[in-house]
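Dear colleague,

Here is the structure I promised to pass on. My notes on it follow below.

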Amino acid sequence: VEIWNEPDSTSFWPGLSLWQFNTFYIKIAGALRAEYLDLKIGGAGWTQGAAGSAYLGNFLDTVKTASAPLDFLSFHLYSNDPDEFAGDAQSHRAALDTRGFTAAELHITEWNTNIGSASSEEMLDLRTRARGATLMTAAWMELQKNGVAVSTFYRGGDPALVEPQLYGLHYADGTRKKIADAFELWASMSAYTTQLEISLPDGCPLRALAGRDASGAVAILVCNPTSSATSYSVGSAASIREV
């Protein structure tokens, strides 16, 4: 159960104080835990930029003082920089660990490319075509490498065919965007649950993720989130080792 959505945004917690949200969270989380011992309880879908903020820190400090349940901390991010996904995961993890919430999971419950200042054509590139699918594949790799336990992505379809730049994996008529093809690769990769470290040469623009399944088979997912054409081959087994 994720309690609330972006309480640090005036769109979703308008006119109310941080103290009021903290009190709300503590009461709801405590009531849920008393009735449903097996639920994972957390929140609150913090906006991008919340990591390390006084707002988030105050929430965590208050929850800790109240001994309220916090099984996971959830955050949102819209970005065209895969490294920002890594940085946000690391910052949120640090905010938890420094307060003793070492067992709390990280969940990213809303994420995609950022189309805020994009032209109409750029929006289509970022939300429907290969460019956006590749950027989000690189971002998904960073989520795996940085301990994010759960990520949720809008499945779609979009509300209307005239707005294909929206969040879904599918157009409004159910046909697939390129991001849906990428998502299928992510799902296949998820079967290789032992993460392996794969070496890439300095300056190589590619991103790669490697894993091993229960039978010992190895899979490698590779993408190029840049506009530079390049090639890469795994030279030997020494290029891949267990993390």
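The largest cavity has a volume of about 40 Å³. A search of the whole structure finds one cavity of 30 Å³ or more. A cavity here is a set of points, on a 1 Å grid over the protein atoms alone, where a 1.4 Å probe fits but cannot get out; lining residues have an atom within 4 Å of a point. Grid points are joined across faces, edges and corners, and a volume is the space filled by probe spheres set on the points.

This is a predicted model: local features need pLDDT of at least 70, side-chain atom pairs count only at pLDDT 80 or more, and totals for chains, interfaces and linings use all residues. Residues are numbered from 1 along each chain as its sequence is written, and side-chain values use heavy atoms, with hydrogens and water left out.

Back to the cavity. Its lining includes Asn112, Arg127, Met136, Phe153 and Tyr167. Helix 4 (120–127) and helix 5 are the elements that give two or more residues to this lining. Helix 5 gives the most, with three residues. Helices (H or I, at least four residues) and strands (E, at least two) are DSSP runs, numbered from the N terminus. By class, the cavity lining has six nonpolar, four polar and one charged residues. Ala, Val, Leu, Ile, Met, Phe, Trp, Tyr, Cys and Pro count as nonpolar, Asp, Glu, Lys and Arg as charged, and the others, Gly among them, as polar.

Next, the largest pocket. A pocket is an open set of grid points with protein on both sides within 12 Å along at least five of seven lines. The largest one holds about 150 Å³ of space. Trp140, Gln144, Met189 and Tyr192 are among the residues that line it. Strand 6 (207–212) and helix 5 (130–145) each supply at least two lining residues. Strand 6 has the largest share, three residues. The pocket lining has five nonpolar, five polar and no charged residues.

Strand 6 also pairs with strand 7, antiparallel, over six bridges. Two strands pair if DSSP finds at least two bridges between them. Alanine 210 stands opposite isoleucine 220 in strand 7. Five residues lie between the strands of this hairpin, where glycine 216 takes a positive phi near 100°.

Four strands run in the order 1-2-3-4, with parallel pairing. Strand 1 (42–46) and strand 4 (148–151) are the edges. Seven bridges join strand 2 (residues 72–78) to strand 3 (residues 105–112). Phenylalanine 72 stands opposite glutamate 105 in strand 3.

Best regards
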